[in-house]
Amino acid sequence: MTVAERRDVDRDRVRQVGEREIAEYRARTPRSAELHGRASRALPLGVASSFQTYDPYPLFMTDGRGSRIWDADGNEYIDFDMAFGVLAAGHSHPRLAEALQRRVANGTCYTFPVEDGIVLAEEIKRRFNVDLVRFSNSGTEATMDAIRVARGYTGREKILKFEGGYHGHHDDVLISIQPPRDVMGPDASPTSVPATAGMPRSRVAETIVAPFNQPDVVAAILEANRDEIAAIIVEPVQFNIGVVPPARGFLERLRELADEHGIVLIFDEVKTGVVIAYGGATEYFGVQPDLLCLAKSIGGGIPIGAFGGREAVMRSIEAVPERGPGVGIEHSTLAGGATRVAHLGTFNGNPLSMAAGVVTLTEILTPDVYPRLHALADRLAGGSQEVVDEFGLPAYAINVGPKGCVMFTPERVTSYRDFIGLDSELWEASFFYLVNRGVLLPPGPDDQWTLSVQHTEEEVDRHVAVFRDFALEIAG
Ligand SMILES: Cc1ncc(COP(=O)(O)O)c(C=O)c1O
């Protein structure tokens with residue numbers, strides 16, 4: 001079926017189904033409602049991270065095992081959210097659970113280095129073809145630290161990020177995440193729009209925003225800021241506006257442009273790394289960044305972050321080069337006399353996270369699991385696309401490796417501005433319809449499902465079958 005043949009859905013029907021399913025959600029989850037009411041008196045929005053809440057209230061969870069998760073009312077779900085993509089290993093993988101029990105019994109924090117930290121760094125080096133690695137505790141810390149290293153290495157202050165890209169919650173990158181249409185500026189020079197109150201103006205000025213998948217615009221922006229940009233940070237697949245893959249040649253062109261301008265190219269592989277391939281997006285797309293950032297799935301469910309990259313760049317943690325790459329900037333002047341980049345953290349490399357990383361990467365997410373993960377994901381995306389075609393839904397299914405979603409818009413999304421047209425009402429009706437039938441997806445149209453090594457074909461088929469029932473009600 002062509003795009004032109006897809007019909008819009010009956011809006012009244014979508015609204016009716018959405019309202020009915022939200023009422024059903026409330027009826028099935030009274031304990032979560034009660035806990036959220038109580039939580040709201042102790043935590044702003046009733047949650048620990050604002051990403052965790054949604055209307056009418058989030059599910060409170062009690063147990064997770066394998067591919068399943070249970071809420072506080074005892075409802076069981078096949079978990080396709082997998083903690084925003086943290087759990088490529090699945091919940092509490094038996095090998096991980098056993099190793100962590102041993103570790104917990106023997107101390108979880110020393111602030112002295114442990115051998116597992118070397119093993120994990122060596123494994124990351126192998127997978128991603130990087131020279132040196134450092135650990136942190138989250139994706140936010142990983143991108144924050146990588147950007148500082150890039151600034152120290154180049155002696156420059158500005159960075160370039162892509163509109164719609166999310167790289168964590170520090171000031172440098174909490175800009176133009178999903179900017180409103182009326183303030184986002186022209187296509188060829190997007191405005192840097194803070195995504196939070198409390199953002200200093202000076203920080204906004206240092207972060208330049210470019211449209212994803214438009215290499216000529218990126219080239220023009222770099223030219224206009226010649227010798228000023230330290231880093232280009234890019235999530236190789238934009239996984240925070242659904243699933244938006246790079247256009248053919250886009251990452252290669254970024255590599256060329258970074259080289260041409262002496263800029264550090266940073267791949268944010270917090271979601272892609274060790275998930276879409278053994279060696280993440282770096283392997284999948286065959287483009288080598290100067291630095292890459294990891295978190296989420298590398299810890300199997302335990303908090304962790306890491307960044308690594310080229311020797312010359314990473315050694316800035318020991319001593320910054322005396323001059324920037326080819327631009328003759330005196331680093332010591334910029335850094336107020338500091339001769340190296342600070343990379344610090346009490347919990348960095350703690351024994352619990354290191355043990356989790358070693359087991360997850362060397363015993364669970366081994367090279368042999370990826371073909372099966374890809375086949376399973378193709379089955380889910382393929383099955384979802386058949387449903388879309390059968391009912392002519394204004395949508396399409398897409399995946400990159402074991403991460404995918406149904407994008408509720410008929411036209412392919414290639415960058416953030418296409419994503420704004422997404423049918424959030426239709427998405428919401430589908431979310432609650434699936435949740436009420438035991439299929440849990442991430443609670444936002446900007447996220448996607450993640451399959452783990454513990455999911456089965458039967459579970460994928462159940463997901464497709466429930467989605468078909470939904471489509472039948474909406475457009476049958
Ligand atoms: C691409 C990307 N980078 C960075 C982050 C930040 O990671 P964290 O939430 O662990 O700080 C996220 C989180 O969702 C992410 O998706």
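**Rings, charges and a ligand**

Guide: Let us begin with a charge and a ring: Lys403 lies over the face of Phe239, at 5.2 Å from the ring centre. Please keep in mind that this model is predicted.

Visitor: Which residue lies over the face of Trp70?
Guide: That residue is Arg65, placed 4.5 Å from the centre of the ring.

Visitor: And how many aromatic pairs does the structure hold?
Guide: It holds 17 aromatic pairs. One of them is formed by Tyr25 and Phe432, whose ring centres are 4.9 Å apart.

Visitor: Why is that pair edge-to-face?
Guide: The planes of Tyr25 and Phe432 stand at 80°, so the pair is edge-to-face. The cut-off behind this is an angle over 60 degrees between the planes.

Visitor: Where in the chain are Tyr25 and Phe432?
Guide: Tyr25 is in helix 1, residues 11–28, and Phe432 is in helix 16, residues 424–435. The pair therefore links distant parts of the chain, 407 residues apart.

Visitor: Are these two buried or exposed?
Guide: Tyr25 and Phe432 are both buried. They also belong to a cluster linked by ring pairs, together with Tyr54, Tyr57, Trp427 and Phe431.

Visitor: What about Phe162 and Phe212?
Guide: These two form an edge-to-face aromatic pair, with 5.9 Å from centre to centre and 80° between the planes. Phe162 lies in strand 5 (residues 158–162), while Phe212 lies in the loop between strand 6 (207–210) and helix 8 (215–224), so the pair ties together parts 50 residues apart in sequence. Phe162 and Phe212 are buried.

Visitor: Changing topic: which residues surround the ligand?
Guide: The ligand is surrounded by Ser138, Gly139, Thr140, Tyr166, His167, Gly168, Glu235, Asn240, Asp268, Val270, Lys271 and Lys296. By class, this shell has 2 nonpolar, 6 polar and 4 charged residues.

Visitor: How far is Asp268 from a nitrogen atom of the ligand?
Guide: A polar side-chain atom of Asp268 lies 2.6 Å from a ligand nitrogen. Backbone atoms take part as well: an N or O atom of Gly139 is 2.8 Å from a ligand oxygen, and one of Tyr166 is 3.5 Å from a ligand nitrogen.

Visitor: How much of the ligand does the protein cover?
Guide: On its own, the ligand has 390 Å² of accessible area, and the protein covers 85% of this.

Visitor: What does its side chain reach?
Guide: The side chain of Arg127 reaches the backbone oxygen of Tyr278 at 2.9 Å.

Visitor: Which residues does a cis peptide bond join?
Guide: It joins Asp55 and Pro56, with omega at about 0°. Pro56 is in the loop between helix 2 (30–39) and strand 1 (61–65).

Visitor: And what is the phi of Ser92?
Guide: Ser92 has a positive phi of about 40°, although it is not a glycine. Ser92 lies in the loop between helix 3 (82–85) and helix 4 (94–104), and is partly exposed, with a relative accessible area of 49%.

Visitor: Where is Asp227 found?
Guide: Asp227 is in the loop between helix 8 and strand 7 (229–234). Its phi is positive, near 65°, and at 40% relative accessibility Asp227 counts as partly exposed.

Note on methods. Residues are numbered from 1 along each chain as its sequence is written. This is a predicted model: local features need pLDDT of at least 70, side-chain atom pairs count only at pLDDT 80 or more; totals for chains, interfaces and linings use all residues. Side-chain values use heavy atoms; hydrogens and water are left out. A residue is near a molecule or strand if one of its heavy atoms lies within 4 Å of it. A polar contact is a pair of N or O atoms within 3.5 Å; within protein, one must be able to donate a hydrogen and the other to accept it, and residues adjacent in sequence count only if both atoms are side-chain atoms. Accessible areas come from the Shrake-Rupley method with a 1.4 Å probe; for residues, only the protein chains shown count as cover. Ala, Val, Leu, Ile, Met, Phe, Trp, Tyr, Cys and Pro count as nonpolar, Asp, Glu, Lys and Arg as charged, and the others, Gly among them, as polar. Rings of Phe, Tyr and Trp (its six-membered ring) pair if their centres lie within 6.5 Å; planes under 30 degrees apart count as stacked, over 60 as edge-to-face and the rest as tilted. Helices (H or I, at least four residues) and strands (E, at least two) are DSSP runs, numbered from the N terminus. Buried means under 20% relative accessible area, exposed over 50%, partly exposed in between (1.4 Å probe, protein chains only). A charge sits over a ring if NZ of Lys or CZ of Arg is within 6 Å of the ring centre and within 35 degrees of the ring normal.
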